[in-house]
Each structure stands twice: as structure tokens, then as C-alpha cells.
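Student: Hi! Could you walk me through a structure today? I'd like to ask things as we go.

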Amino acid sequence: MLAACGQGGDFEQLAAAALENGRAVEAEQQGYIKFKDLLVNIAAEAARLEIGEVSRIFRQADGFLIFKVLDKQFVEDPQALKFAQDNIWKKQTAEAGQRIYHGHGRQACAV
């Protein structure tokens, strides 16, 4: 299926044919999926793909997964925002502390 998509085949038609002949099972997914709800490697692939692109093949316990990115949407997630802000603040504070520490060390040696 992936090879046929890569050769210009229509993903929806190929998926429908795979479902019809029993070579695929349709996942019941409605709406948008948050990256945090995906496995890391699948989230990375989804982030990399543009709208309309088809993923590479992923092996799962019960078979394989191929998906097509239909749309992307920014989702407000207060918990994720707080986590990102806290981590950025900690990193910036640590870097500033290192610069101050090393800067004073050089000045003290130069005097």
C-alpha cells in the first residue's frame, strides 16, 4: 500500500481496498489526536509530515500502522505550557548562572 501511495496512488482508495479484502483494519479515531497521546516515534513522524502526506510503516503488536495527515491544529494545553515554561526558565537560569560564574572566575584570575 505504501509503495502504491508513493507511486501516486490515492491513499483513501488504497485503504478502502485493503479494508475490503481483509488486509487492513480501520481504526476508530474521531477528531484530532494530541502528540502526547501518541507513541514517541509516531508523534515525531506526524510532526514531520505535511498535510496530505502519508507516513512510513510502523510495526505494532497486532500488525502495522500507516496514516495520512489530514490536518494539523494547535491545541491549548495549559499543563504542557506550564511544563515548557518551567523547563525553559530553569535552563535559562542555569545558563545565566554559568555565565556569571565563569565570567567572575576569569576576571578574578586576570587581576
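Predicted model: local features only at pLDDT ≥ 70, side-chain atom pairs only at ≥ 80, totals over all residues.

Student: What is the mean pLDDT of the chain?

Tutor: The mean is 76, and 80% of the residues reach 70 or more; pLDDT is the predictor's confidence in each residue, from 0 to 100.

Student: Which helix has the lowest confidence, and which the highest?

Tutor: Helix α1 (residues 2-6) is lowest, with a mean of 58, and helix α3 (residues 40-48) is highest, at 90. Helices here are DSSP runs (H or I, at least four residues), numbered from the N terminus.

Student: New topic: how many aromatic pairs are there?

Tutor: The search of the whole structure finds 1. F58 and F67 are stacked, 6.3 Å centre to centre with 15° between the planes. Rings of Phe, Tyr and Trp (its six-membered ring) pair if their centres lie within 6.5 Å, and planes under 30 degrees apart count as stacked, over 60 as edge-to-face and the rest as tilted.

Student: And why does F58 count as buried?

Tutor: Because its relative accessibility is 3%, and buried means under 20% relative accessible area, exposed over 50%, partly exposed in between (1.4 Å probe, protein chains only).

Student: Is E45 buried or exposed?

Tutor: E45, in helix α3, is buried, at 6% relative accessibility. A polar atom of the E45 side chain lies 3.1 Å from the backbone nitrogen of R56.

Terms used: Residues numbered from 1 in each chain as written. Heavy atoms only, no water. Helix = DSSP H or I, 4+ residues; strand = E, 2+ residues; numbered from the N terminus. Polar contact = N/O pair within 3.5 Å; in protein donor to acceptor, adjacent residues only side chain to side chain.
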